[in-house]
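Here's a friendly walk through some aromatic rings. Have a look at the model first, then read on.

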Amino acid sequence: MVFIEKSRKGKKAMSKKEKYNNIFMECLGVKEEELANLEYMAIKSWDSVGHMNLIAALEKEFDFMMDTEDILDFNSYEKGMELLSEKYNLEF
């Protein structure tokens, strides 16, 4: 999975929030309008395996390793942004 859009011919690079959203959409098979209220285990694709795939994709894209406690606390789309902002210095 590649979420980085290269800048050329007037295209701007994707923001961190756009990358975050794309990872959710790609890993969990949801549409952007479904993200705001999305919670762990609320949909079939966000089970324990889907969760680990999501975490791995986020870690790879943003180049960090999440603490186990944070992986367990990452239980919604919104909570994920909060954790990544507060603990991993990602600004959305």
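Let's start with Phe74, which counts as buried at 1% relative accessibility (buried means under 20% relative accessible area, exposed over 50%, partly exposed in between, with a 1.4 Å probe and protein chains only). Phe24 is buried too, with a relative accessible area of 0%, and Tyr77 is buried at 4%.

A quick word on what you're looking at: this is a predicted model, where local features need pLDDT of at least 70, side-chain atom pairs count only at pLDDT 80 or more, and totals for chains, interfaces and linings use all residues. Residues are numbered from 1 along each chain as its sequence is written, and side-chain values use heavy atoms, leaving out hydrogens and water.

Now for the ring pairs. Rings of Phe, Tyr and Trp (its six-membered ring) pair if their centres lie within 6.5 Å; planes under 30 degrees apart are stacked, over 60 edge-to-face, and the rest tilted. That rule gives eight aromatic pairs, including these:

| Pair | Centre to centre | Angle between planes | Type |
|---|---|---|---|
| Phe24 and Phe74 | 6.2 Å | 20° | stacked |
| Phe24 and Tyr77 | 5.3 Å | 80° | edge-to-face |

Where do Phe24 and Phe74 lie? Phe24 is in helix H1 (residues 16-28) and Phe74 in the loop between helix H3 (68-73) and helix H4 (77-88), so their pair ties together parts 50 residues apart in sequence. Helices here are DSSP runs (H or I, at least four residues), numbered from the N terminus. The other pair links Phe24 in helix H1 with Tyr77 in helix H4, 53 residues apart.

Zooming out, ring pairs join Tyr20, Phe24, Tyr40, Trp46, Phe74, Tyr77 and Phe92 into a cluster.

Technical notes. Helix = DSSP H or I, 4+ residues; strand = E, 2+ residues; numbered from the N terminus.
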